[in-house]
Amino acid sequence: MWDPTTYLRYGDERSRPFHDLVARIPAGQPRAVVDLGCGPGTLTATLAERWPRSRIVGLDSSLEMIDRAATLGVPVSFAVGDVRDWRPGADVDVVVSNAVLQWVPGHRELLTRWARELPAGAWLAVQVPGNFDAPSHRALREVAGRDRWRAELAPLLRETPVGDPVDYAALLVDAGCAVDAWETTYVHLLPAPADADHPVLTWMEGTALRPVRAALDAAGWADFRAALGVRLTEAYPVRQGQVYFPFRRIFVVARTGAHAEENP
């Protein structure tokens, strides 16, 4: 289960990649814009500001997230749905998927299908975290691999569920798209008050730790959380009241049908 309140911690840091992604979409007046994996809808609402004459749709598999989004009072149609089942309509000119596809096995096949089913000249914009080899995730896998938790948690943790920019560029070029792909490492400066949990632990509770929390009982979760907190404190020391948290992200913006247009 997604907790919108937990997810929205560090909202400014989490929103920046979305804005950087959307800024690279040069669509003028798209007929329909779909945000796949819209979460609590706060970022989807900015799409309605960017394209006020377009039909804006937000889709998420979490009822809790969609319930939160529905309270925003913005001109967006929010609905519960699985991105794996979504098919683009003939009027969809922009698709945005921000920090979602890392959760979806087989997402490369989804990207290829979307690119081929979207109208020619549509835009497909995707961002996924590329930090699975970061100290935070190495610490998570190390603690989860200890004897106490290995049986329950090892099957839940993924080594590298996403590709790099070249992988996605090649995939979408093969699907007939013109592609802009890149990566960025953001260095987030997270406040670390002396009386609070380590900020990287708090960050991870909103995303990477969700499957762990769901798999453990209250006592097991408390112990796991404490053990991981020790490792994160070692990996990300507090300096002058804050933690430097590098976070790599992968971006791709593709224009569908571009090769067919260039080579009629």
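**Notebook: burial, salt bridges and backbone of a predicted model**

I looked up Gln 240 first: it is exposed, with a relative accessible area of 80%. For the terms, buried is under 20% relative accessible area, exposed is over 50%, and partly exposed is in between, with a 1.4 Å probe and protein chains only. This is a predicted model, in which local features need pLDDT of at least 70 and side-chain atom pairs count only at pLDDT 80 or more, while totals for chains, interfaces and linings use all residues. Residues are numbered from 1 along each chain as its sequence is written, and side-chain values use heavy atoms, with hydrogens and water left out.

**Positive phi**

I checked the backbone at Gln 240 and found phi near 50 degrees, a positive value in a residue other than glycine. Gln 240 sits in the loop between H11 and strand E7 (242–255); helices (H or I, at least four residues) and strands (E, at least two) are DSSP runs, numbered from the N terminus. Ala 99, also not a glycine, has a positive phi of about 55 degrees. I placed Ala 99 in the loop between strand E4 (92–98) and helix H5 (107–117). Ala 99 is buried, at 19% relative accessible area.

**Record span**

I noted that UniProt, in an unreviewed entry, lists residues 33–118 as "domain: Methyltransferase". UniProt positions are in the numbering used here, feature names are shortened, and annotations may be inferred rather than shown by experiment. The end C-alpha atoms of residues 33–118 lie 12 Å apart, and the span is 31% helix and 24% strand.

**Helix H11**

I took H11 (residues 218–235) next: its 18 residues reach 26 Å from first C-alpha to last, close to the 26 Å expected at 1.5 Å a residue. The expected span is 1.5 Å times one less than the number of residues. I listed its buried residues, among them Trp 221, Phe 224, Arg 225 and Leu 228. The buried residues of H11 pack against helices H6 (135–144), H7 (150–153), H9 (199–205) and H10 (210–215), where contact means heavy atoms within 4.5 Å.

**Salt bridges**

I found 16 salt bridges in the structure, each being a side-chain nitrogen of Lys or Arg within 4 Å of a carboxyl oxygen of Asp or Glu.

Which helices does the pair Glu 142 and Arg 231 join? The side chains of Glu 142 and Arg 231 meet at 3.0 Å, N to O. Glu 142 lies in H6 and Arg 231 in H11, so the pair ties together parts that are 89 residues apart in sequence. Both are partly exposed, Glu 142 at 34% and Arg 231 at 24%. I also found Glu 142, Arg 146, Arg 231 and Glu 234 linked in a network of salt bridges.

Arg 16 and Asp 20 form a salt bridge at 4.0 Å, N to O. Both lie in helix H2 (residues 11–22), four residues apart, about one turn of the helix. An α-helix has 3.6 residues a turn, so residues three or four places apart point the same way. Arg 16 is partly exposed at 48%, and Asp 20 is partly exposed at 30%.

I recorded the salt bridge of Asp 147 with Arg 150, whose closest N and O atoms are 2.9 Å apart. Asp 147 is exposed at 64%, whereas Arg 150 is partly exposed at 40%.
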